[in-house]
Amino acid sequence: MYELQVSQIFIFVIVGFALPALGMIGLAWGLQNVLGYHTPNPIKNQPYECGMKPLQEAIVQFDVRYYLYALLFILFDIEVIFIIPWALATDNLKNIFGQEALLLGPLEILVFLIILTFGLAYAWKKGALEWE
Amino acid sequence: MNAAEIYKLSRLAIFWLSVTFGAVWVACWGVGVFIPSLITGKMPFLLQVDNPSTTVVFIADLLRSLTPILSLLVFIPINAMFMVLFERRSLALFTVRMGPNRHGFDGLAQTAADAVKLLFKEDITPRGADAFMFTLAPIIFFAPSIFGALPLLAAVTNNHDLFKVANLPTGIFYILAAASIPVVALVMAGWASNNKYSLVGGLRSAAQAISYEIPLVLSLVTMCLLAGTLDVVEIVEQQKGGILNWNILGGGALSGYDKLAPYWLNLVDTSFDTSAMFGQFYPVPWLSSIMAFVLVICTVLLFGLYLTGACAEINRIPFDLPEAESELVSGYNTEYSGIKFAIFFLAEFTNLFVVSSIATVMFLGGGDNPIPKWILDRLPLEPISNALGSLLSPLIKDLMFIDPATFWAAFWVIVKVYSIVFFAILVRGTLPRFRIDQLMDFGWKRLIPLALILFVVVVFARTWVVCHG
């Protein structure tokens, strides 16, 4: 079952990438080269900056303002990855005596989320969520 | 609004959707049914072979298993063409303009003409651009909308035999994983263009996508918690039986058809007769009714949360900062022309469609008829369906010509998906654009706390309903 699923995903991804790639190659280098013009010149190939001559290259070091957001995003994304198996298993949880314990799962995830919310509140208070 | 324009718009929609589905059906039937049965000698009235060779059987199976991908390949371009036209005409309707109405009959062929025009354009790679990345970006942007949408196919076609291949037991997880890929392509496109506008557009899109992915994913995970599974086909199966059983209304918590209890009792059987259970209208104490009501409010809010997150994820107005044309010319695709631009454009509309399909499957019951079964039973539909069924059944049996259940599932899915698409267009016609700091504040300080609160409330309300419902 598991192996089947993994191979299925693998095939999906390969096919999903292969088809637009082939389409691109067919259309962009095949059809468009035949149908479209191809008369490049230095002025035309300039990066577009509303008519002005570009002052410098755009591929430079750039101040990314949101790496704190990115760190928080990783935190919350991992949280979601933890929640998914919990959500599927919560109804079958048993307590240490082997009895059905319906409230066990919800209480556990509540503790987990409270700890996480403290993290978010701390980041909020420290000003990590302000866009400068 | 102008009634004549609305009439014209619906005429266009009916025409284009018929063309789309006709093409998809011809492709699916041809490759999935006709050619395999022909070469293995199983086609009635035609060549009969008793013992087809192993190679021929293998080729037939291969063709059959390729049908889902083929149907998407036929569906996506034609459908995107219609969506572009639909969006332009609807926007014209909202802003009291004519919209494109020249090419073809009443603007019918406008997007086809656009596509041909883009083919004739020069393919420019700007000076100093990273040519490889520049070409790779549209491919990576477009690919997830093909392979990410595949599991949905099984869900929206009522788990038809030909589309069963596309189903995955971890459907939602896989779809979410695929949905987070396009942002990489946007950053690539922005960086590789050697253009400052593109660079800023790409970076903005990354910031926006990581902020709005969390509420989006949390709302879907909450729905998975309600359903108890990640399998999209099973989620659709559970919601059968009219609008009261859909996940947007608590997944049957209101109708007394409690799909949660069987899961708790490990009696997973998704084929109960909901009409029988409807008679005993929620035989629970008053607190359980309140809890069920809370559940319903939460799921409606989660639907709104999902739509907001999805709008931001696919860069629709009011969250279209990566391509804000008043600030960034066209954002990450400023430098793209010709077929590469066309692929970006195609993928954007396909993403809108995929996102609406996920909403349909997770919240609106997939291909389920909105009318509850106990009303349907009272309508005099049986003679009509019997007559149609007796007319079609020899064809179904012998030629696998058409499957009525799949047809109606596809019909309702299209109605629901296009309602959501129309809503997205309405939002585009109504709301102004966010500023970037407002956008980040709205995501992190409003939506994420709301998603967490809704998650906790749903967890406890659901447990109460499971215990005492």
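A residue is called buried if 20 or more other C-beta atoms lie within 10 Å of its own, exposed if 12 or fewer do, and partly exposed in between, with C-beta atoms placed from the backbone. The model is a predicted one, in which local features need pLDDT of at least 70 and side-chain atom pairs count only at pLDDT 80 or more, while totals for chains, interfaces and linings use all residues. Residues are numbered from 1 along each chain as its sequence is written, and chains are lettered from A and ligands numbered from 1 in the order in which they are written.

**The two chains**

Of the 469 residues in chain B, 50% count as buried. In chain A, which has 132 residues, buried residues make up 14%. Helices (H or I, at least four residues) and strands (E, at least two) are DSSP runs, numbered from the N terminus. Chain B has 18 helices and zero strands. Chain A has three helices and zero strands, and its elements run α-α-α from the N terminus on.

Two residues are in contact if their C-beta atoms, placed from the backbone, lie within 7 Å. Among the contacts in chain B between residues at least 6 apart in sequence, 78% join residues at least 24 apart.

**Where the chains meet**

The contact between the chains takes 53 residues from chain A and 64 residues from chain B. On the side of chain A, the elements that give two or more residues are helix 1 (2–35), helix 2 (67–89) and helix 3 (104–125). Helix 1 of chain A gives the most, with 17 residues. For classes, Ala, Val, Leu, Ile, Met, Phe, Trp, Tyr, Cys and Pro count as nonpolar, Asp, Glu, Lys and Arg as charged, and the others, Gly among them, as polar. By class, the side of chain A that touches chain B has 40 nonpolar, nine polar and four charged residues.

Asn45(A) lies in the loop between helix 1 and helix 2 of chain A. Leaving out residues up to four places away in sequence, Asn45(A) touches Pro40(A), Ile124(B), Pro126(B) and Arg127(B). Asn45(A) is partly exposed, with 14 other C-beta atoms within 10 Å.

**The core of chain B**

A nonpolar core is a set of buried Ala, Val, Leu, Ile, Met, Phe, Trp, Tyr and Cys residues joined through C-beta atoms within 7 Å. The largest such core has 147 residues, of which Leu220(B), Tyr306(B) and Ala359(B) touch the most other members. Helix 8 (residues 196–227) of chain B gives the most to this core, with 20 residues. Apart from neighbours within four places in sequence, Tyr306(B) is in contact with Leu216(B), Ser219(B), Leu220(B), Ala359(B) and Phe363(B).

In helix 7 (residues 182–192) of chain B, 10 of the 11 residues are buried, so this helix is largely enclosed by the rest of the structure. Among the buried residues are Pro182(B), Leu186(B) and Trp191(B). The cover over them includes helix 4 (131–147), helix 8 and helix 14 (338–362) of chain B.

Axes are lines fitted to C-alpha atoms, for helices over the stretch in contact, and angles run from 0 to 180 degrees between N-to-C directions.

| Helix pair in chain B | Angle | Axis distance |
|---|---|---|
| Helix 2 (residues 54–94) and helix 3 (residues 110–119) | about 115° | 8 Å |
| Helix 14 and helix 17 (residues 404–430) | about 120° | 9 Å |

In the pair of helix 2 and helix 3, Met81(B), Val84(B) and Leu85(B) meet Gln110(B), Thr111(B), Ala112(B) and Ala115(B). By class, this contact has five nonpolar, two polar and no charged residues. Between helix 14 and helix 17 of chain B, the residues in contact include Phe353(B) and Ala359(B) from helix 14, and Val417(B) and Ile420(B) from helix 17. That contact has eight nonpolar, three polar and one charged residues.

**Positive phi values**

Most residues other than glycine have a negative phi, and most peptide bonds are trans. Asp106(B), which is not a glycine, has a positive phi of about 60°. Asp106(B) sits in the loop between helix 2 and helix 3 of chain B and is partly exposed, with 17 other C-beta atoms within 10 Å. Asn315(B) also has a positive phi, near 60°. Asn315(B) is in the loop between helix 12 (286–313) and helix 13 (325–328) of chain B, and counts as buried with 25 C-beta neighbours inside 10 Å. Just after helix 7 of chain B, Asn194(B) takes a positive phi of about 55°.
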